[in-house]
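Look over the sequence and the structure below.

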Amino acid sequence: TALPDVTTNSITPLDASVEDELTAPNANVANAGDVRYQIRITGSGDPFDSDIVVAQGGADATFTGLLDGEQYDIRARSETADVTGTYVTVSEVTKLPADSGLAVTDREL
């Protein structure tokens, strides 16, 4: 049995376009495995304990309730019925809050 492809190029990146969420699109790995994503706050020292599994050709899955302004470490591994791949780093994502120093001003046109 061939090992699932676990290179970062084989794992679909997460979509951070929605505030407070990271979405993992349906799995896209070389030999039809599922992908297990795990997340943690960067520098927290916490273990990776939150995870979602996205099936090959299945629906997207989303980490919700994330904090704006936090940076997250994300890792993933591919899995098949026969073999589990090794975790690889997918990306670090930072969600920036709005600048609190911005103010509304009047302008004459």
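Two strands pair if DSSP finds at least two bridges between them. In this predicted model, strand 2 and strand 3 (residues 50-54) are paired in the antiparallel sense, with 5 bridges.

**Overall make-up**
- The protein has 6 strands and 0 helices, and its pattern along the sequence reads β-β-β-β-β-β.
- The protein has 109 residues, of which 29% count as buried.
- Among contacts with a separation of 6 or more, 59% are between residues 24 or more positions apart.

**Strand 2 and its partners**
- On the side of strand 3, Y37 has I52 as its bridge partner.
- Strand 2 (residues 34-41) also pairs with strand 5 (residues 71-79), in the antiparallel sense and over 8 bridges.

**Residue F63**
- F63 lies in strand 4, which covers residues 61-63.
- Is F63 buried or exposed? F63 counts as buried because its relative accessible area is 6%, and buried means under 20%.
- Beyond its neighbours within four places in sequence, F63 is in contact with D20, E21, L22, Y37, Q38, I39, S50, D51 and I52.
- One of these contacts is I39; the C-alpha atoms of F63 and I39 are 8.5 Å apart, and the two residues are 24 residues apart along the chain.
- The contacts of F63 also include Y37 and I52, which are bridge partners.

Terms used. Residues are numbered from 1 along each chain as its sequence is written. This is a predicted model: local features need pLDDT of at least 70, side-chain atom pairs count only at pLDDT 80 or more; totals for chains, interfaces and linings use all residues. Side-chain values use heavy atoms; hydrogens and water are left out. Helices (H or I, at least four residues) and strands (E, at least two) are DSSP runs, numbered from the N terminus. Buried means under 20% relative accessible area, exposed over 50%, partly exposed in between (1.4 Å probe, protein chains only). Contact means heavy atoms within 4.5 Å.
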